[in-house]
Amino acid sequence: MPTPTLTQSIVITFIQCLMVVIFVFVVVPLTVFAERKVLGHLQQRLGSTRVASGHVGFSGWMNRRMWKMGKVPVVSYWRGIPGLVGDVLKLILKEDVIPAKADKFVFFLAPSISMVAAIVVFAAISFVPGTFFTFPTWFPYLGGLPVSGGISDINVGLLWILGVATVGVYGIVLAGWSSNSKYPLLGGLRSAAQMVSYEVPLTLSLLAPVVLSASLNFSEMATRMAVGMPVWALIPQVIGFLLYLTCGFAETNRLPFDMPEAENELVAGFHTEYSGMKFGLFYLAEYINMTVVSALASAFFLGGPWLLPFGLQGLLNPYLPGFLSWFAAPHAIFFVAKIVFLLFTYIWVRGTIPRYRYDQIMAVGWKYLIPLALVNLLLAAAIRCFVV
Amino acid sequence: MEHFIETIGRNMFAIFGVLALVGALLMIGARSAIHSVLGFLFAMLNIAGCFLALEAEFLGVAQILVYAGGIVVLFLFVVMLVEMSKKHEGEVFQLQSRYAVLAVAGGVALFLGVFRKAIFGAPSPEALVLRPELAKGLDVAHQNAQAVSRGLFADYLLPFEILSVILLVALVGAVVLAKTERV
Amino acid sequence: MNKFLRTLLPADIAKGLSVTGKHFRQVFFTANRRKVPFHIVSEYPEVPAKVQPRFRGRLTMLKDEQGVIKCVCCLACEKICPTQVITIEKGKQEGRKMPYPVRYDFEMERCIFCEFCVESCGFDAIILNHQFELAAYNREDFSLGTEGLGQNMFEPSHVGKFSVADD
């Protein structure tokens, strides 16, 4: 296999970045749409089934067409999808209001910090260990070169993800402060306190995989957690998964823990004063963060690009018959499927569990999750010490 | 093209260093306290970039994790809560400026005193490296998280633990100072 | 100890998730089939909406089997109406002992659909039908009478194409 020159490797990295951006901008709108649908189904509704009324616009055209074809347009299940285009158009075209006494520079900076911190995390996430695909030889300039499964699989990938994700809190806090308004400020303060305190159990629950796999490299950790673990490692993995998911919900400000934007208390929280595409960036950042948290959970607990979760793949692989060998190997499609399932879980939990009170959130974080995460870490360390 | 990219890659440290200095100047020069904090954040992120340019990934990422993610957030928190009006802020800072100059001069003197040898002296014959028996089975150039941890928990265990005790003392002190008797 | 364990195990959360998960499964797999609708919403403009039997729609006058107006102008509805939307003019008709409403005006603009008029009627001469699409473009369309141009008191409104006409 030829080794790429410096320029070629930069071009390849650029292509990888493009692929990640495309992935994100495909997954995020679909999540937004799925959120409407799934929340509807959870409440025995159909979710969004049409864009405008039955008579005007695109859906009206579809309606008339189906009537003309002699069919009752009952099959309206997917007709909410054009609404996504409408949403994006609205966000782009809407007037961008800046409050009179707002700190303009910080007001402008806050959503971009949120967005950048959310998307830069993908630099260290590897979708599949090793080579993702190889360019065919006829390809101009890059023929025959391999493309690895992650943009940059650095040695401290996990720390990079955690570190950059913490920068995201600035977006929310600064947005709250710079709006020069009471509710955003309260939302920003709440969010700062919540995110800083939930960072601790989140990191502690991720330390269990670190201890078990003895690495900080993303793909190495995913590989060892999926196929290199003894039976005993199941227990800390399952507990750690639940802990991590809980803290991940809190970190992304999703519904059981959506203190920064609790509607009935704080209007819309930190983005009350934001409109147009600035609000859109916050919105995007929230969903990208959800994707990142899902990616981490699926990589370290649910087996990443392997099929079976919790390290079961490594235990069952020796007994797998030969014709099923496709299922024994890592594939990016499994990884993406797990991410999608966890995104579904986000919405599922949102439709099920009501919001906590603020003091309850703090109590859960400090009194239950941190001690549990510590116990889990001890368990993992014991397994690492005595079994592996 | 190749040459250009290589030149940029070689001078990454200088670029990040200059940006960090710019951030520090912004921090000092900014009128509003929040802008100061933002300048500080910018400087910290660029220092992390400096570490990354020197291939010390662990230190670089730890810099982001601890400073940018933890400490500056707390600064921001405090500054947001202790909102001073512009005028009052100016008065306080002008009152302090005399002492601040003294403190900075003292700090620079102390810094030069400690790092005199490192800055002006001849380059030391050997870099600070792990003891060979600690570095056994370790590719130090590529596994610097492990290398740092071995150094920290074997050679420098006592200073490390003393540092953590100091932090604990600071924590207890803060609680004692801040706590008022409940009536 | 029991409470502590119950705090640690997310059993309640799992129970809640299973309930909503069941709803999701049922609705998701039957969303396009109209025979087994598990969802509780109707696909309204395309499919006529069904309302509950006690729904209070627009005021309608009834006729008996011979096609004669049942109203006898007792003015009970006019008196009890809180917003005074009903105006009745008494009159006589050949071959009819009871008084006959020459004019029965109903100003739907101000009607609050309280159904007091129907309750007060001793002859079951008026009902509130099941129509809910009552919007119109002109103010005049809201004044209904026994012989109107647009809507009159006997037929369902022509405005609402998609709701249930009557039962």
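Analyst: Strand 3 of chain C, residues 100-107, is joined to strand 5 of chain C by two bridges. The two strands run antiparallel. One facing pair can be named: Phe106(C) stands opposite Leu144(C), which belongs to strand 5. Bear in mind that this is a predicted model.

Now widen the view to the sheet. Three strands of chain C make it up, in the order 2-3-5. The sheet is open, and its pairing is antiparallel. In general, strands of a sheet pair through backbone hydrogen bonds, either parallel or antiparallel. Which strands stand at the edges? They are strand 2 (86-91) and strand 5 (143-144) of chain C. Each has a single partner strand, so one side of each lacks a neighbour in the sheet.

Next, the chain around the sheet. Chain C holds four helices and five strands. Along the sequence they follow the pattern α-α-β-α-β-β-α-β-β. The chain has 167 residues, and 19% of them count as buried. Take its contacts with a separation of 6 or more: 64% are between residues 24 or more positions apart. Chain C is divided into domain 1 (1-41) and domain 2 (59-144). Over C-alpha atoms, the centres of these two domains are separated by 49 Å.

Then the nonpolar cores. The largest has 127 residues. Within this core, Val121(A) and Met44(B) touch the most other members. Leaving out residues up to four places away in sequence, Val121(A) touches Ile161(A), Val164(A), Ala165(A) and Val292(A).

Chain B comes next. What is its secondary structure made of? Chain B has seven helices and zero strands. From the N terminus its elements read α-α-α-α-α-α-α. Of its 183 residues, 19% are buried. For contacts in chain B between residues at least 6 apart in sequence, 46% join residues at least 24 apart.

One glycine in chain B deserves a stop. Gly69(B) sits in helix 4, residues 57-81, of that chain. Is Gly69(B) buried or exposed? Gly69(B) is buried, because 25 other C-beta atoms lie within 10 Å and the cut-off for buried is 20 or more. Gly69(B) touches Gly163(A), Thr166(A) and Val167(A) of chain A, and Ile64(B) of chain B, not counting residues up to four places away in sequence. Leu41(B) is 28 residues from Gly69(B) in sequence, and their C-alpha atoms are 9.3 Å apart in space.

Last, a helix in chain A. Helix 14 covers residues 358-386, which is 29 residues. From first C-alpha to last, helix 14 reaches 41 Å, close to the 42 Å expected at 1.5 Å a residue. Where does helix 14 bend? The bend is at Leu369(A), by about 35°. A proline, Pro371(A), follows within four residues. Leu369(A) is also one of the buried residues of helix 14. Others on that list include Ile361(A), Val364(A), Gly365(A) and Ala373(A). Asn376(A), Ala380(A) and Ile383(A) are buried too. What covers these buried residues? The cover includes helix 6 (182-213) and helix 8 (234-251) of chain A.

How values were computed
Residues are numbered from 1 along each chain as its sequence is written. Chains are lettered from A and ligands numbered from 1 in the order in which they are written. This is a predicted model: local features need pLDDT of at least 70, side-chain atom pairs count only at pLDDT 80 or more; totals for chains, interfaces and linings use all residues. The expected span of a helix is 1.5 Å times one less than its number of residues. The bend at a residue is the angle between axes fitted to the seven residues ending there and the seven starting there. A residue is buried if 20 or more other C-beta atoms lie within 10 Å of its own, exposed if 12 or fewer, and partly exposed in between; C-beta atoms are placed from the backbone. Two residues are in contact if their C-beta atoms, placed from the backbone, lie within 7 Å. Domain bounds come from an automatic or database domain assignment. A nonpolar core is a set of buried Ala, Val, Leu, Ile, Met, Phe, Trp, Tyr and Cys residues joined through C-beta atoms within 7 Å. Two strands pair if DSSP finds at least two bridges between them.
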